[in-house]
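Colleague: I am new to this structure and would be grateful for a guided reading. May I put my questions to you one at a time?

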Amino acid sequence: MEYFYRDMRKKHQIMIDDDLEPEGGKWNYDHSNRNQWKGETDIPHERGFRKDVAAIVDLLKKEGVITIGRIDENNFNWPTSRQDGLDILNYFCEYLLIEFGTYQDAMHTDQDYLYHSRLSFAMNSKLLSPREVIDAVLVRFRESEKPKIDITQVEGFIRQILGWREFMRGIYWKEMPSYQSQNQLENHNKLPGFYWTGETKMNCLSHSINNSLDNAYAHHIQRLMVTGNYALLTMTEPSYVDEWYLGVYIDAIEWVEITNTRGMSQWQMEE
Ligand SMILES: Cc1cc2nc3c(=O)[nH]c(=O)nc-3n(C[C@H](O)[C@H](O)[C@H](O)COP(=O)(O)OP(=O)(O)OC[C@H]3O[C@@H](n4cnc5c(N)ncnc54)[C@H](O)[C@@H]3O)c2cc1C
């Protein structure tokens, strides 16, 4: 991914100087992205939408649609229009970008979102294009003063979109359709029942699963290191893992779900 990401930076002229060297002197500030969050900052969450979706929920119930997770019918909190998408992007640039990179890999039981952008659904459903998200972040970075946003926050964010997201898209087209039936570790167990209830004494799992069920959201560390890793350790059949991730997250679309689930969390990538 790292070399792909560098090529993408050059190809799209993003944070690159005239000699095709990275702005700031380094391609990657991953080491600055690994801090714990211990309550030391006020996280200005969140841009809430508070939509009333009771009529849709009624319809789903009436039609007998089997669902996963929980919904607050008067407080559906995701963007559903172009304007909502722009609002959530602006909100991120204004309030969250400034600490995004610092706490990118953190987890905390009091925080469902930390400084994450919650922009994946808006991009996956094409309310926003990845390029305009990157451009908006760069504008905010360049205009910021007192406080000036640090390059480590911005590079960490752009890496996720220009690097990881595009890389996953390439892997999907390279590996599918055989990818979806691979099971190299020959794992055949089912997922434990608590993935549907969140009821377990294992605190990280309980919090990550309840975040998923309540908000159709978990940030990447919860998905990768907690729910994904537990499924791997308990030798779960990868297609059951896929089904759960596809069902539970608002941003789940196969090309970005299956590549992360199989490639990153279940070690199904061939050498
Ligand atoms: C097992 C597993 C399953 C996943 N399934 C999905 C999925 O179905 N849909 C999906 O969009 N993302 C998926 N991801 C990637 C990532 O977890 C989510 O994109 C991210 O948590 C969305 O929250 P955010 O918008 O607040 O992200 P932020 O942390 O704010 O990151 C900014 C953006 O970068 C992109 N991004 C970050 N990490 C990745 C990644 N690993 N792959 C692709 N794009 C990334 C997303 O578009 C995201 O909106 C998965 C990751 C794992 C480990």
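Colleague: How many helices and how many strands are there in the protein chain?

Modeller: This is a predicted model, in which local features need pLDDT of at least 70 and side-chain atom pairs count only at pLDDT 80 or more, while totals for chains, interfaces and linings use all residues. Residues are numbered from 1 along each chain as its sequence is written, and side-chain values use heavy atoms, with hydrogens and water left out. Helices (H or I, at least four residues) and strands (E, at least two) are DSSP runs, numbered from the N terminus. Along the sequence the pattern reads α-α-α-α-α-α-α-α-α-α, and the counts are ten helices and zero strands.

Colleague: What radius of gyration does the protein chain have, against that of a compact globule?

Modeller: The radius of gyration is taken over C-alpha atoms, and the globule rule is 2.2 Å times the number of residues to the power 0.38. For 271 residues a compact globule would have a value near 18 Å, and the protein chain agrees with this, at 19 Å.

Colleague: Why is helix H10 described as largely enclosed, and which helices are included in what covers its buried residues?

Modeller: A residue is buried under 20% relative accessible area, exposed over 50% and partly exposed in between (1.4 Å probe, protein chains only). Helix H10 (residues 254-265) has nine of its twelve residues buried, so it is largely enclosed by the rest of the structure. Among those buried are Trp255, Ile258 and Arg262. The cover of the buried residues includes helix H4 (120-124), helix H6 (151-175), helix H8 (220-233) and helix H9 (238-248).

Colleague: Is leucine 89 buried or exposed, and with which residues is it in contact beyond its neighbours within four places in sequence?

Modeller: Leucine 89 belongs to helix H3 (residues 82-100). Its relative accessible area is 3%, so leucine 89 is buried. Leaving aside neighbours within four places in sequence, the residues in contact with leucine 89 are Leu119, Leu128, Glu132, Val133 and Ala136.

Technical notes. Contact = heavy atoms within 4.5 Å.
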